[in-house]
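Me: I have a model open and want to go through its side chains with you. Can we start at the surface?

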Amino acid sequence: NLQTDCKLIWVSICVKGVSPMYIGAFYRLPSTDRDYVKELDTSLAKIPSNASICLLGDFNVPDIDWETVAFKPCGQHPAIRKFLIDIFNDHNLHQLVKKTTIESNILDLCLTNTPAATDFVNVQCGISDHKMVVVGMVVKPKSTRSPRRKVYLFAKANFAGVDSDMEHFCDNLTDNLIKRN
């Protein structure tokens with residue numbers, strides 16, 4: 001159960017032969033405090049360590065330069081910014097959005113612990129004041145070959161030999177039973 005007291009929803013995708021993938025959508029109001037962000041950390045900690053994570057959403061942290069992961073000067077809520085970056089680092093999450101999503105800021109993030117599985121990240125016009133982040137992930141199931149099975153070719157069977165072996169077996173069985181009695 002990944003439910004916590006923040007605006008966060010998860011979907012897990014399980015494909016046979018592949019580690020599970022968790023896709024999440026998160027929203028942080030600009031006025032929320034550190035406890036709200038801690039709920040995100042609590043939820044991420046519940047995800048199995050072998051799982052792939054793709055977390056998207058409006059994190060409302062305009063004061064971070066995502067190219068260098070450095071704080072912009074004179075930003076608001078420095079403790080929350082630092083705490084968010086610590087959470088991302090603790091869960092090995094990489095931020096992939098490189099283009100602005102509203103005005104001159106990157107507020108809408110795509111975080112993943114498997115950046116090599118990312119096929120593309122596009123920022124496109126959306127239906128709100130924010131631009132839309134579109135992400136393509138590559139999920140390749142591991143194929144396993146079935147073990148070779150024996151196929152008996154009964155048309156090529158030596159039925160005379162089978163009959164002879166069965167007759168010999170029955171004679172031996174009968175002899176052994178008579179000797180016992």
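Me: Which residues form the nonpolar patch on the surface?

Reply: Tyr152, Phe154, Phe159, Val162, Met166, Phe169, Leu173 and Leu177 form the patch. Together they have about 890 Å² of accessible area. Patch members have over 30% relative accessible area and no salt bridge; like charges are joined within 9 Å, nonpolar side chains (Val, Leu, Ile, Met, Phe, Trp, Tyr) within 5 Å. Areas come from the Shrake-Rupley method with a 1.4 Å probe, and for residues only the protein chains shown count as cover. This is a predicted model: local features need pLDDT of at least 70, side-chain atom pairs count only at pLDDT 80 or more, and totals for chains, interfaces and linings use all residues. Residues are numbered from 1 along each chain as its sequence is written, and side-chain values use heavy atoms, with hydrogens and water left out.

Me: Where is Phe154 found?

Reply: Phe154 is in the loop between strand S9 (132-137) and H3. Helices (H or I, at least four residues) and strands (E, at least two) are DSSP runs, numbered from the N terminus.

Me: Is Phe154 buried or exposed?

Reply: Phe154 is exposed, at 59% relative accessible area. The cut-offs: buried is under 20%, exposed is over 50%, partly exposed is in between (1.4 Å probe, protein chains only).

Me: What about charge? Which residues form the negative surface patch?

Reply: Asp163, Glu167, Asp171 and Asp175. Asp and Glu count as negative, Lys and Arg as positive; His and the chain ends are not counted. Each charge is placed at NZ of Lys, CZ of Arg, CG of Asp or CD of Glu.

Me: Take Glu167. Which helix is it in?

Reply: Glu167 sits in helix H3 (residues 159-180). Its relative accessibility is 56%, so Glu167 counts as exposed.

Me: Switching to salt bridges. How many are in the whole structure?

Reply: The search finds 2 salt bridges. The test is a side-chain nitrogen of Lys or Arg within 4 Å of a carboxyl oxygen of Asp or Glu. Side chains of opposite charge can pair when their charged atoms come close.

Me: Which side chain meets Lys38 in a salt bridge?

Reply: Asp41, at 3.2 Å, N to O. Both residues lie in helix H1 (residues 34-45). Lys38 and Asp41 are 3 residues apart, about one turn of the helix.

Me: And exposure there?

Reply: Lys38 is partly exposed at 39%. Asp41 counts as buried at 13%.

Me: What forms a salt bridge with Asp86?

Reply: Lys82 does, with the closest N and O atoms 3.0 Å apart. Asp86 and Lys82 are 4 residues apart in helix H2 (residues 78-90), so about one helical turn separates them. Asp86 is partly exposed at 30%. Lys82 is partly exposed at 44%.

Me: Now rings. How many aromatic pairs?

Reply: The count is 4 aromatic pairs. Rings of Phe, Tyr and Trp (its six-membered ring) pair if their centres lie within 6.5 Å; planes under 30 degrees apart are stacked, over 60 edge-to-face, the rest tilted. In one of the pairs, Phe59 and Phe88 have ring centres 5.7 Å apart and planes at 85°, so that pair is edge-to-face.

Me: Where do Phe59 and Phe88 lie?

Reply: Phe59 is in the loop between strand S3 (52-58) and strand S4 (64-65), and Phe88 is in helix H2. They are 29 residues apart, and the pair links distant parts of the chain. Phe59 is buried at 0% relative accessible area. Phe88 is buried at 3%.

Me: How is the pair of Trp66 and Phe88 arranged?

Reply: That pair is tilted: 6.1 Å centre to centre, 35° between the planes. Trp66 lies in the loop between S4 and strand S5 (70-71) and Phe88 in helix H2, so parts 22 residues apart in sequence are tied together. Trp66 is buried, like Phe88.

Me: Which residues do the ring pairs link into a cluster?

Reply: Phe26, Tyr36, Phe59, Trp66 and Phe88.

Me: Backbone next. What is the phi of Asn60?

Reply: Positive, about 50°, although Asn60 is not a glycine. Asn60 is in the loop between S3 and S4 and is buried at 11%.

Me: And Val69?

Reply: Val69 also has a positive phi of about 50° and is not a glycine. Val69 is in the loop between S4 and S5. It is partly exposed at 43%.
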